Amino acid sequence: MTAVIGSKSFATLDEAIKAARSGDTVKISGEFSSPVSVPESASGVSIVGDNATISTSGKPAVRSMNPRKLSDESGPMARRDVKVSNVTLRSKDATCVEVPVGGSLSIVDCKITATGASGIVASGGLVRAENSQVEGCGLYGVLASDAGRVECVGLTATGNAKAGLLARGAGMCPLPSEQQCHSWRMLT
């Protein structure tokens, strides 16, 4: 397993994320068994996989406390979310991707599985899930609750024990415009 920022290698993915600054790309490969907790300081960091897997037991594979920040670096009010792309995320007996109140995370081209729990849970936080698959989860594929919001674009949720998508309480899972709805499938 490797975690690299530029030309600097880190012993663990956690060390690389803690060292990363806004705009950095953490490149990972191999299998990681420790959960990833994205701190507030990681705003604007990208975690990009090359045949990479984050697999945990009893804890979320990824938990983002990164607040949704807005910046004018790429035009007015550009988003500065942490982005995870091209990574297989698996958890056993815990939510796979968790974004609590105030957190934000973008997931792109990822495969997500949570045996015994839900795949993506936004409990007050914001998740943007794009061109990813959530499958084989023990509960829901995607769950938005407690004013959480999950934006789904090209997301496929299949083979989940309860439902592919659930918005509970004040949670929101807005579906894309009608031209894009063909890319969202909710199957139980």
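Strand 13 (residues 120-123) and strand 16 (residues 142-145) run parallel and are joined by four bridges. Strands are DSSP runs of E with at least two residues, numbered from the N terminus. Two strands count as paired if DSSP finds at least two bridges between them. Within this pair, Val121 has Leu143 of strand 16 as its bridge partner.

The model is predicted: local features need pLDDT of at least 70, side-chain atom pairs count only at pLDDT 80 or more, and totals for chains, interfaces and linings use all residues. Residues are numbered from 1 along each chain as its sequence is written, and side-chain values use heavy atoms, with hydrogens and water left out.

Antiparallel pairing involves strand 1 (residues 2-5). Four bridges link strand 1 to strand 3 (residues 25-32) in the antiparallel sense. Here Ala3 stands opposite Ile28 of strand 3. Strand 1 also pairs with strand 2 (residues 8-10), again antiparallel, over three bridges. Val4 has Ser9 in strand 2 as its bridge partner. Strands 1 and 2 form a hairpin, with two residues between them. In the turn, Gly6 has a positive phi of about 60°.
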